[in-house]
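Hello,

Here is the structure I promised to pass on. Please open it next to this email and follow along.

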Amino acid sequence: MREMTDLTIRLKGDMLQQSDDLLKCSVCGVYVHKEEFFTCPRCRRTPLCRKHRIGGMKECASCVFDMRKKDLNALYGQEMSIKQFLSFLQFVFLGASVFFVGLKFGLAEHVEILRLPLIDKVVLAIGTLSVACYILFRVILYNQRGKIDDVMQQIRKLEVRQ
Ligand SMILES: [Zn+2]
Ligand SMILES: [Zn+2]
């Protein structure tokens, strides 16, 4: 009988010891071993179980999600600027084309400023430059799309894991 009591005490002791080492995850409520939990440096939530950790990141899954959302917004903003610049280049090209054609049809006879030396070369250079810039920024826009798709994919994955 005494042995039994000893055993119960020992068992109880073991269990207490175990519950000391266990911490409850503040997000999903799962019990995690002391050494396996982590604290998110961004939202300071603790303890968090490994499920909320994204490979290679110090922050928790929902913070990484927030960060990626912000990245996405920034990328959208940049994309908007690139598109606006492309419209501007189209406008410049159109303007240069109209001028160039006008010069060829003798517009300079009526407009004094067009009688400047080398004006046709300058207009041609502006037109060519705008086309070159347009192609370059088209490529940049294409890359930007790739980045946006990438972040969107990451966000979709994170949505499941939050
Ligand atoms: Zn958890
Ligand atoms: Zn966090």
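What percentage of the 162 residues in the chain do buried residues make up? The figure is 10%. Please keep in mind that this is a predicted model.

Start with the overall layout. The chain has three helices and two strands. Read from the N terminus, the order of elements is α-β-β-α-α. Next, look at the contacts between residues at least 6 apart in sequence. Of these, 49% join residues at least 24 apart.

β2 covers 31-33 and α2 covers 61-104, and R42 sits in the loop between them. Is R42 buried, partly exposed or exposed? R42 has 15 other C-beta atoms within 10 Å, so it counts as partly exposed. The cut-offs explain this: a buried residue needs 20 or more such atoms, and an exposed one has 12 or fewer.

Which residues does R42 touch, leaving out those up to four places away in sequence? They are E59 and C63. V64 is 22 residues from R42 along the chain. The C-alpha atoms of R42 and V64 are 9.3 Å apart.

Stay in this loop for R44, which also lies between β2 and α2. R44 has 9 other C-beta atoms within 10 Å, so it is exposed. The backbone of R44 deserves a look too. Its phi is near 65°, which is a positive value, and R44 is not a glycine.

P47 is in the loop between β2 and α2 as well. Check the peptide bond that leads from T46 to P47. Is that bond cis or trans? It is cis, with omega near -10°.

Why point these out? Most residues other than glycine have a negative phi, and most peptide bonds are trans.

L118 lies in the loop between α2 and α3, and α3 covers 119-161. L118 is not a glycine, yet it has a positive phi of about 65°. Is L118 buried or exposed? With 9 other C-beta atoms within 10 Å, L118 is exposed, because 12 or fewer is the cut-off for that class.

To go over it yourself, take the stops in this order:

- R42, with its contacts E59 and C63
- R44, with its positive phi
- the cis bond from T46 to P47
- L118, in the loop between α2 and α3

Best wishes

How values were computed: Residues are numbered from 1 along each chain as its sequence is written. Chains are lettered from A and ligands numbered from 1 in the order in which they are written. This is a predicted model: local features need pLDDT of at least 70, side-chain atom pairs count only at pLDDT 80 or more; totals for chains, interfaces and linings use all residues. Helices (H or I, at least four residues) and strands (E, at least two) are DSSP runs, numbered from the N terminus. Two residues are in contact if their C-beta atoms, placed from the backbone, lie within 7 Å.
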